[in-house]
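Hi everyone, thanks for coming.

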Amino acid sequence: NSTKLDNLNNERANIEILMKEDIKQERLRQEIAALAKMKINPKAFYSYAKKSAKFKAPVGPLADDANNLQCDPTVMGNILQKQYQKAFSNPENVNPDNTPDEKGHTEELSDITFSVDDVLSA
């Protein structure tokens with residue numbers, strides 16, 4: 001049952017991808033038609049631009065951690081949130097003096113001594 005459901009979900013996601021490609025092709029056809037109309041009627045550009053400016057491109061489907069396509073808005077929101085969190089960090093939570101390297105070690109200089117005169121002469 002779960003494999004059948006997975007197959008249906010994958011098929012639905014593939015159909016959505018095909019539909020998006022068809023929409024892009026239709027937009028391209030409309031753009032070419034608008035260009036042809038502009039040669040005859042310069043005002044055609046403004047009507048095309050006005051009609052195009054109201055369109056908002058949809059988001060998705062997005063691939064999750066297991067590389068499965070997800071179309072549910074809540075799941076896609078969580079995927080985008082994870083991506084955002086990976087790309088950006090909160091500077092208040094980062095201690096630059098104690099940032100671990102790739103192996104989890106922190107670098108600390110503790111065997112160097114210098115005096116006030118050393119600092120002043122530097």
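How many salt bridges does a search of the whole structure find? The search finds three, where a salt bridge is a side-chain nitrogen of Lys or Arg within 4 Å of a carboxyl oxygen of Asp or Glu.

A quick word on the model: it is predicted, so local features need pLDDT of at least 70 and side-chain atom pairs count only at pLDDT 80 or more, while totals for chains, interfaces and linings use all residues. Residues are numbered from 1 along each chain as its sequence is written, and side-chain values use heavy atoms, leaving out hydrogens and water.

Let's start in helix α1, residues 2–40; helices are DSSP runs of H or I with at least four residues, strands are runs of E with at least two, and both are numbered from the N terminus. Arginine 12 pairs with glutamate 16, their closest N and O atoms being 3.4 Å apart. These two are four residues apart in the helix, so about one helical turn separates them. Arginine 29 and glutamate 26 also form a salt bridge, at 2.9 Å from N to O, and they sit three residues apart in α1.

Now for lysine 82, which forms a salt bridge with aspartate 65 at 3.4 Å between the closest N and O atoms. This pair links distant parts of the chain, 17 residues apart: lysine 82 is in helix α3, and aspartate 65 is in the loop between β1 (62–63) and β2 (69–70). Aspartate 65 is exposed at 69% relative accessible area, whereas lysine 82 is partly exposed at 44%; buried means under 20%, exposed over 50%, and partly exposed in between, with a 1.4 Å probe and protein chains only.
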